[in-house]
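Colleague: I would like to learn how to read local features off a model. Can we go through some together?

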Amino acid sequence: MSNAFHNLKVMSRLDLTRRAVALLKHDEAVIGGIGNANFDLWETGQRPQNFYMLGSMGLTIPIALGVAIAQPKRHVVALEGDGSLLMQLGCLTTVAMQAPKNLTMVVWDNGIYQITGSQPTASKSTADIVAIARGAGIANSAWAADEDEFEKLMVRALDGGGPSLIAARIDGEPGVGKTERDPVAIRASFMRGIAAKK
Amino acid sequence: MSQTTAAPADKPWHEIVLATLKANDVKLIVYVPDRVLTRLIAALHADAFFTVFAATREEEAIGVISGAYMAGLRGAVLMQTSGFATLPNALASLVAPSQIPALLFVSERGTLGEFNLGQALVAKTMRPVLDALAIENHTITRHDELAFIVDRSIKQAYATQAPVVFILSPLLTGGKVFAA
Ligand SMILES: Cc1ncc(C[n+]2csc(CCOP(=O)(O)OP(=O)(O)O)c2C)c(N)n1
């Protein structure tokens, strides 16, 4: 294969997660997908506006879409793995149709299902996540060529012209943090963090 | 096509469901279509009170209304029995452990005149899953009980932070009739 996305810089999920979180200035909600996406989000510090998924592979973007619809004034960022997104690709078509301006989707493309033993995903060889997203109707979809461009794309996405999708090629490292496995506590803390509960 | 039963009430079942959702401030409706739900879905689309759209899979719809609930907006998912059969993972790994009051309306196929063996078998998986997860569920067969069951159960769902499933029997909706 000689797809353009194979020539992109391979970056670190933890580093990019830190960069993304550092750009959040308005109590934006962040949904961390199953496994490594939320482990690294946890590692960057437990913002009350973070929701950590302990299961339901593939539902990061649908959950983020629900938050975005419910709170149109708050920006919502979904952090999702390539394998997880591939499981629920249809959600991109729903996001495009609903077109929430306040939703940014970040896809960590390591080309593997890292957490289950690093088996290859389709995006390792044949599938181009950004082309898929564009085909689904997400016009603002782009590969981040390097860390600088990732930050620029994030800033533009957070500006609210969305929905946007940013894909980043990342290495095969596991996530670093150890998310607390208490779903009710996570849910309640998130709801307080985004003012949906006292 | 769906038909109303010969019950005494003047409103068809779908109008009662719509009115009860509205009375309980359930504004977000996400569905995967079903023939029997056609008129309910059309009426919801036509009413500006509701935000209504189709998801590509029922799991996706569960994700959307779970996110919306956490952000302060009440939602329900509409589906048919085969759609419910795709949901055990989303229910067991998101809705149940996070205690999210998800409202599910399932148009029941697979029984009382089903003509598709696959639908009949899929339908048999529904109640065992609900029982295994101890999820509150009501099979609604009677028009005169519909408003009471739905209204009270929605209130209970939010008060107790637990999901509830409304199984809409062909006895209520008329079901899908086999054109022989
Ligand atoms: C429905 C479902 N199928 C399979 C799994 C097992 N599983 C958990 S995480 C995962 C891989 C996730 O891959 P990806 O999103 O690419 O993230 P990565 O591990 O590469 O960071 C799999 C297959 C699961 N939890 N749920």
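Modeller: Start with Ser118(A), which is partly exposed, with a relative accessible area of 34%. Buried means under 20% relative accessible area, exposed over 50%, partly exposed in between (1.4 Å probe, protein chains only). This is a predicted model: local features need pLDDT of at least 70, side-chain atom pairs count only at pLDDT 80 or more, and totals for chains, interfaces and linings use all residues. Side-chain values use heavy atoms, without hydrogens and water; residues are numbered from 1 along each chain as its sequence is written, while chains are lettered from A and ligands numbered from 1 in the order in which they are written.

Colleague: Where does Ser118(A) lie?

Modeller: In the loop between β5 (112-113) and β6 (119-120) of chain A. Helices (H or I, at least four residues) and strands (E, at least two) are DSSP runs, numbered from the N terminus.

Colleague: What is phi of Ser118(A) near?

Modeller: First the general idea. Most residues other than glycine have a negative phi, and most peptide bonds are trans. Phi of Ser118(A) is positive, near 60 degrees. Ala134(B) also has a positive value, near 55 degrees. Ala134(B) sits in the loop between α7 (126-132) and β5 (136-140) of chain B. It is exposed, at 66% relative accessibility.

Colleague: Which residues does a cis peptide bond join?

Modeller: Gly162(A) and Pro163(A), with omega about 5 degrees. Pro163(A) belongs to the loop between α7 (147-158) and β8 of chain A.

Colleague: Is Thr179(A) buried or exposed?

Modeller: Buried, at 6% relative accessibility. Thr179(A) is in the loop between β8 (164-169) and α8 (183-193) of chain A. Contact means heavy atoms within 4.5 Å. Leaving aside neighbours within four places in sequence, the contacts of Thr179(A) include Asn38(A), Trp42(A), Tyr52(A) and Ile186(A).

Colleague: With which side chain does Thr179(A) make a polar contact?

Modeller: That of Asn38(A), side chain to side chain, at 2.6 Å. A polar contact is a pair of N or O atoms within 3.5 Å; within protein, one must be able to donate a hydrogen and the other to accept it, and residues adjacent in sequence count only if both atoms are side-chain atoms.

Colleague: How do I read a helix?

Modeller: An α-helix has 3.6 residues a turn, so residues three or four places apart point the same way. In helix α1 (residues 13-23) of chain B, the buried residues include Trp13(B), Ile16(B), Val17(B), Thr20(B) and Leu21(B).

Colleague: And helix α8 of chain B?

Modeller: Take two of its residues. Ala157(B) lies in α8 (residues 143-160) and is buried, at 3% relative accessibility.

Colleague: Which residues is Ala157(B) in contact with, leaving aside neighbours within four places in sequence?

Modeller: Pro101(B), Leu103(B), Ala162(B) and Val164(B). The C-alpha atoms of Ala157(B) and Ala102(B) are separated by 7.7 Å, though the residues are 55 apart along the chain. Thr160(B) and Asp25(B) are 135 residues apart in sequence and 17 Å apart in space, C-alpha to C-alpha.

Colleague: What about chain B as a whole?

Modeller: There are nine helices and six strands in chain B. Of its 180 residues, 53% count as buried. Along the principal axes, the C-alpha trace of chain B spans about 45 × 35 × 25 Å.
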